[in-house]
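These are my notebook entries on a single model, kept in the order in which I looked things up. I began with a strand, then went on to a sheet, the ring contacts and the core.

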Amino acid sequence: MADTVLYEVSDGLATITLNRPEAMNALNIAAKVALRDAVRSAAADEAVRAILLTAAGDRAFCVGQDLKEHIGLLAADRETGSGQTMSTVREHYNPIVRALAGAPKPVVAAVNGVAAGAGFGFALAADYRIVADTAAFNTSFAGVALTADSGVSWTLPRVVGPGRAADLLLFPRNIGAQEAYELGIANRVVPPAELRAEAQKVATALAEGPTVSYSALKEAVAYGLTHSLEETLEKEDELQARAGASEDHAIAVQAFVNKERPKYLGR
């Protein structure tokens, strides 16, 4: 059996590939465990300076929960009364989103096809989304009588606003790539044939960049979304001191003076 998730690290870039194209990269238990472990490894590895999350095939990035497996698990729950099936949110989805959003390095999602349910959530948890012009997004949850998970109730309103988020959650539909770009869900839209090369170029550039700066920027934005201006100014002071003490800041300043391109060390 092929690995459900592929993991590779090269030149500071960790590439994580969902690898169930025959099932539109739906998330069975094996895939969820493998993805959780891969994202956690990439987030914690100091040698990794950027993460690229992508998927095999050209039909889907990830359509969320594998409903074929889910049906069997629900039936087993009814027989045993255990109610364990929905623990997947706590055991798998939440740790994956925490690791993606909280990684002290940039995360790029290359969305090659449909991103639905948890797949949409994982894409939103990335810092930057490059999307094939044939791709689409769908919240999906209400369509199977469930509520949002994978952080969508937090990320989606912050990207598109609470009004549009309510519309997309209550009335699930496919959001095409161009509309996703207009809503701010997609950062770049490219032809499918160019997606992998463009995503690789962007992720590689980030892996070669000032990692401490990127980490501080992620932390600052996340903090500012839930704190007052005064609290955020204090956080900026704290984070700027950290970035200013980095080797990369000294390298950048010297390169600027010398009119050279800086070669960052990621520390």
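This is a predicted model: local features need pLDDT of at least 70, side-chain atom pairs count only at pLDDT 80 or more; totals for chains, interfaces and linings use all residues.

**Entry 1, strand S3.** I looked up burial along strand S3 (residues 50-55) and found that six of its six residues are buried, so the strand is largely enclosed by the rest of the structure. Buried here means under 20% relative accessible area, exposed means over 50%, and partly exposed lies in between, with a 1.4 Å probe and protein chains only. Helices (H or I, at least four residues) and strands (E, at least two) are DSSP runs, numbered from the N terminus. Ala50, Leu52 and Thr54 point one way from S3, while Ile51, Leu53 and Ala55 point the other way, and all are buried. In a regular strand the side chains alternate between the two faces of the sheet. I then noted that S3 pairs with strand S2 (residues 13-18) in the parallel sense over six bridges, where pairing requires that DSSP finds at least two bridges between two strands. Leu18 has Ala55 in S3 as its bridge partner.

Residues are numbered from 1 along each chain as its sequence is written, and side-chain values use heavy atoms, with hydrogens and water left out.

I traced an open sheet of four strands in the order S4-S6-S8-S9, with mixed pairing; its edge strands, S4 (60-62) and S9 (175-176), each pair on one side only. Strand S6 (residues 114-116) pairs with S8 in the parallel sense over three bridges, and Ala116 stands opposite Asn138 in S8.

I found two aromatic pairs in the structure, the criterion being ring centres of Phe, Tyr and Trp (its six-membered ring) within 6.5 Å, with planes under 30 degrees apart called stacked, over 60 edge-to-face and the rest tilted. Phe120 and Phe137 form a tilted pair, 5.1 Å centre to centre with 45° between the planes. Since Phe120 lies in helix H4 (residues 118-125) and Phe137 in strand S8 (residues 136-138), the pair ties together parts that are 17 residues apart in sequence. Phe120 is buried at a relative accessible area of 0%, and Phe137 is likewise buried at 0%.
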